[in-house]
Amino acid sequence: MDDPSLDREEHRRALRGLRRINRVSLTQGRLGGLVYEMSRTAGGRALRVVDLACGSGDTVRWLGRMAISRGLGWEVMGVDRSEVAIDEARRLTPEGLSGRVRFVVGDVLAGLGGYDADIVTCNLFLHHLRTEEVAGLLQGIGQTARLGFAGQDLVRSQMGYWYARAGTRVLSRSSVVHHDGPQSVRASWTVEEMRGLLTTAGLSADQCRVTAVWPERMLIRWMRHG
C-alpha cells in the first residue's frame, strides 16, 4: 500500500482487510488501553492525541469513542500521506465523533514540527520504514510529544510470519494485503532491536517500555518523565 500508483479501489479493499485484521487481533483496544494508562498521569486535563500514519482511522475513532465514554476531554487527530486513506477515514467517522476527531493529509517523515500533541500514537507503521527513518521519526516524536508516545508494531519472528500469511488470507480478499502481511513481518524488528532504536533516537531507556503481546506484536511506551 506504499505504492502511490496503487488503484484507488484496490487501496480501499486493502484498507477494509486491515480493519478486519485489526478487530480480530485486538489492535485498537490494546493501544487505546496504553494511551489511557499514560493519560492518567496528566491529572484529568484535556489532551491532544495525534495518530501518525492513521490509515482509515481505526485508532483515531477508537480513541475518540473511549474519550466520550469515559468523559475525557481529548481531541484526536489522524495524519496520513494517502488521500485515499484520509477520505476513507472521514467517510467512516460518524457525526457523533465529528467534534472529537479529525483527519489531515500529511507526510510525517517530513517532520512533526507542525503537530501539537500531548501523546503521539503510531500503529503498525514503523515496519514500513528504513532503520534510519524509524530513528528519525522517534527522535521527532521525542521532541514533539509533551507527555509521551504509545506505539504498536509487528515482531519479526517465524511464528509472526505464519500468523501473517494465514491471517491475511482468512480475513481479507485483497491481494495487496496477502502480499504485504508476510513481507511486513520480514521488515519488522525484534523487541530488543526496537529498544535499541529507541535508545538511538535519544529516548532514554529508563523512560521506555517495549513489551511483546499476542499475536506477535510489540507495545511501545515512552513517557517524558519516566
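Start in the loop between strand 6 and strand 7, where glutamate 216 is found. Helices (H or I, at least four residues) and strands (E, at least two) are DSSP runs, numbered from the N terminus. Glutamate 216 has a positive phi of about 55°, although it is not a glycine. Its relative accessible area is 26%, so it counts as partly exposed; buried means under 20%, exposed over 50%, and partly exposed in between, with a 1.4 Å probe and protein chains only. That loop also holds proline 215, and the peptide bond from tryptophan 214 to proline 215 is cis, with omega near -10°.

A word on provenance. This is a predicted model: local features need pLDDT of at least 70, side-chain atom pairs count only at 80 or more, and totals for chains, interfaces and linings use all residues. Residues are numbered from 1 along each chain as its sequence is written, and side-chain values use heavy atoms, with hydrogens and water left out. pLDDT is the predictor's confidence in each residue, from 0 to 100. The protein's mean is 92, with 97% of residues at 70 or more.

Now helix 7, residues 175-186. From first C-alpha to last, helix 7 reaches 18 Å, close to the expected 16 Å, which is 1.5 Å times one less than its number of residues. Among its buried residues are Val176, Val177 and His178. The buried residues of helix 7 pack against helix 1, strand 5 and helix 6, contact being heavy atoms within 4.5 Å.
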